[in-house]
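Here is a short briefing on a protein chain. Take a look at its sequence and fold first.

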Amino acid sequence: MTPTFVLIHGSNANSFSWAPLQRELALLGHRSLAVDLPGHGFEAGVPSAYQTQDAAELAEATSNLVGVGLQANVDHMVSILKRAKEHGPVIAVAHSRGGVTLTAVANRHPELIDRLVYVSAWCCVDHTPGEYMQLPEAAACVLDQVAGVAAANPGRLGAVRMNWRTADPVLLAALKEALLADGGDDEFRVFLSTLTPDESLDAGGPGDRADAATWGRLPRSYIRITKDTSIPVELQDRFIKEADALTPGNTFDVHTIETSHVGFLVRPEKAAAILAGMA
């Protein structure tokens, strides 16, 4: 039976960003399903103040992601994976923060997945995301330069809120460097327009790191993105090294694409070819 590729998006993203990759997979003869995690996609709840760019109102408007944590992502994924599994094997693919959800699901329900694929995605083994960001391998990360995109106090709002519609040229340049440094300005602006402002506060904790007994028994692949300045390739390599040490009898199958953090989503041919080879 042919597999279904189940695609899990990253922070502030949604199923829409996977469309070019899904097109390429379809043209290669493969079935795929792009997921919207809770509070994303058409459930994102974009405040009217985001449209009008009323900064004061945007900082206070209620978020649909208040109280929505990693467990909600897991529950949502389980319901989808059970249905997908009825039609054959499942290859679960995660990008960026989506890797936290992928690991959590594989820890709890490995029977629902036949292969794990991380594409420049968080694969926490020895540390939490916050701890990894303090390590030398994260030194090349430029996300500290885009802190100005924050549009609200997360503790008071109960969610992380970003203003992707900023008109600040310095901030926009930093965002382009962090996300799509090798893309055109028009491509960058189109991608930015697909993002929604809010993200969950819950990025996982010590209990959500890879479990050797469950997650560790699944075949897994890592697609390294070498020009990534959001999750530097040195950090990606650390994820791979730690995971391989956790389960030395079942190590990562590693692939490499020379592009930026979301470059493989904008130009998906190489990523689609790699994934097709796993089917």
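The points below cover the basis of the model, its aromatic rings and its nonpolar cores.

This is a predicted model, in which local features need pLDDT of at least 70, side-chain atom pairs count only at pLDDT 80 or more, and totals for chains, interfaces and linings use all residues. Residues are numbered from 1 along each chain as its sequence is written, and side-chain values use heavy atoms, without hydrogens and water.

**Aromatic rings**
- The model has nine aromatic pairs, counting rings of Phe, Tyr and Trp (its six-membered ring) with centres within 6.5 Å; planes under 30 degrees apart are stacked, over 60 edge-to-face and the rest tilted.
- Tyr-118 and Phe-252 are edge-to-face, because their ring centres are 5.9 Å apart and their planes stand at 85°.
- Ring pairs join Tyr-118, Trp-215, Tyr-222 and Phe-252 in a cluster.

**Nonpolar cores**
- A nonpolar core is a set of buried Ala, Val, Leu, Ile, Met, Phe, Trp, Tyr and Cys residues joined through side-chain atoms within 4.5 Å.
- The largest one has 41 residues, and Ile-113, Tyr-118 and Trp-215 touch the most other members.
- Helix H4 (70–85) gives the most to this core, with seven residues; helices (H or I, at least four residues) and strands (E, at least two) are DSSP runs, numbered from the N terminus.
- Another core, of 40 residues, lies apart from this one and includes Met-162 and Phe-188.

Notes
Buried means under 20% relative accessible area, exposed over 50%, partly exposed in between (1.4 Å probe, protein chains only).
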